[in-house]
Amino acid sequence: MEVINVEDEVSKEKTKKNKKICVVGLGYIGLPTASMLANHGYKVVGVDIDENKVNAIKNGTLQIEEPGLMTLVKGAINSGNLIVKTEPEEADIFIICVPTPAVENNGTKKCDLSYVWSAARSIKPYLKKGNLVIIESTIPPNTTNKLHEFFGEGIYVAHCPERVLPGRILIELVENDRIIGGVDKKSAELAKEIYQSFVDGNIYLTDATTAEMVKLMENTFRDVNIALANEFAKVCEEIGVNVWEAIELANKHPRVNILKPGPGVGGHCISIDPWFIVEKSKNAKLIKTARELNDKMPEYVCNLILREVEGIENPKIAILGVTYKGNVDDTRESPAKKIVAMLISKNFTVKCYDPHAKVFDYELCDLRSCIENADCIVVLADHNEFKDFNEEEIKNIGSKMRTKKIIDTKNILNHELWEKCGFDVVLLGDGKRFRKSKL
Ligand SMILES: NC(=O)c1ccc[n+]([C@@H]2O[C@H](COP(=O)([O-])OP(=O)(O)OC[C@H]3O[C@@H](n4cnc5c(N)ncnc54)[C@H](O)[C@@H]3O)[C@@H](O)[C@H]2O)c1
């Protein structure tokens, strides 16, 4: 039986916690990670180039809608283990969590690595032999190796992609399994030590390029699956079938799990990451097609709206929900942006309401001004607030509208109740208009 020397373990733990960690980029990923590490006893310096964000974190006024986050951040700051600033400083470990958006690239898209390189340049003057740099940002295959070359000999480098779900970040940071890819074995093992301090899930070690590919494959799998659901939605509409019912029944098969259709794929991950594979390989044909199909869904929804308001003079459209998914405040890459732009280009009056979003490309208004005199409500995000509308609220909404019509692109409404309140309800992917028979 292995004999554990308790004193050794305690002193090992102490040495670990004496390590200082510099987290670069304090957004949806960096801030929870920095706070989590600080709450687990590490000395953490959080760095963000955005001075307003740094000040808001210091003052406890940062507005990120993520359950439990601000309590965690305040705890970390009050304990003295987390300080935040705009410039990096010397540390033992650096964790890079900066954005990696996709940019146009000859008709397709590729990763914009400029934030990652500027973060890498900003920490390089502080690096000492034996330091570890971890890249958490999602990156195309082979980027970690290039960063290793840039940092030079004696610096350990690992890629530890983040797989948390917004809205559940604090739970998933702890519970999810993690993949760690090192440029060598020692790098991976050193990174594992850090994550072990707060991760309850399994930690799997591999090489850096495999870890990069694993992260991209996860999101690509979901994107392709959603593309299939979206294609099924179009086909079902054409042949008079309700796609939601069909998917639910198909998923009764023990080995089938089709995701849900919708107005398009948004957010900072699924709508972007597959492009990082496409840019690296001529063989990524299915991935590219799926991406294009999902990117065209806003146009499909826009055409659905046009069909439903045909004949109405100067239609006013009320958009409910502009975030890329339900119950979060994130509007990055949201399909709502494209749909609103297309409707405005048709000279429609468009008003947007979202109980979660604070920042959007178009003006957000309250529910009342959004639906007043509207001819069609379009639900684009599955926020609980929309699911929970009761009869009185629906009647009240209807009484303010010019035409009582609602398009549900997420299948979240109680359609019978809306119909009972006098609404013409249209569901994305429902071939109701073309259906020949009904049980
Ligand atoms: N948001 C998610 O749910 C999620 C999930 C998994 C992976 N990721 C990946 O994690 C990475 C970060 O995403 P995010 O959502 O946290 O982004 P974010 O935009 O919320 O935050 C990034 C932060 O980095 C800061 N920044 C940019 N350049 C900097 C620099 N040179 N030095 C210091 N700070 C800098 C920005 O000001 C911003 O505050 C991305 O690669 C993303 O794909 C995100």
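1. A word on ground rules. The model is predicted, so local features need pLDDT of at least 70 and side-chain atom pairs count only at pLDDT 80 or more, while totals for chains, interfaces and linings use all residues. Residues are numbered from 1 along each chain as its sequence is written, and side-chain values use heavy atoms, with hydrogens and water left out.

2. Start with the ligand. Around the ligand sit 27 residues, and the closest are Ile29, Asp48, Lys53, Thr100 and Thr138 (a residue is near a molecule if one of its heavy atoms lies within 4 Å of it). Sorted by class, this shell holds 14 nonpolar, seven polar and six charged residues. Here Ala, Val, Leu, Ile, Met, Phe, Trp, Tyr, Cys and Pro count as nonpolar, Asp, Glu, Lys and Arg as charged, and the others, Gly among them, as polar. Helix H5 (residues 114-123) gives the largest share of the shell, three residues; helices (H or I, at least four residues) and strands (E, at least two) are DSSP runs, numbered from the N terminus.

3. Now look at the polar contacts (pairs of N or O atoms within 3.5 Å). Asp48 places a polar side-chain atom 2.6 Å from an oxygen atom of the ligand. For Thr100, a polar side-chain atom also lies 2.6 Å from an oxygen atom of the ligand. Val98 uses its backbone: an N or O atom there lies 3.5 Å from a ligand oxygen. Taken alone, the ligand exposes 830 Å², and the protein buries 92% of that (accessible areas come from the Shrake-Rupley method with a 1.4 Å probe).

4. Next, follow a strand pair. Strands E11 (residues 316-320) and E12 (residues 349-353) run parallel and share five bridges; two strands pair if DSSP finds at least two bridges between them. Lys316 faces Thr349 in E12. With helix H14 (residues 335-345), E11 and E12 form a right-handed β-α-β unit. Right-handed means that, with the strands pointing away from the viewer, the path from the first strand over the helix to the second runs clockwise.

5. Finally, a second unit to find. Strands E14 (residues 405-408) and E15 (residues 424-427) are parallel and joined by four bridges, and Lys405 has Asp424 in E15 as its bridge partner. Together with helix H18 (residues 415-420), E14 and E15 make a right-handed β-α-β unit.

Conventions. Polar contact = N/O pair within 3.5 Å; in protein donor to acceptor, adjacent residues only side chain to side chain.
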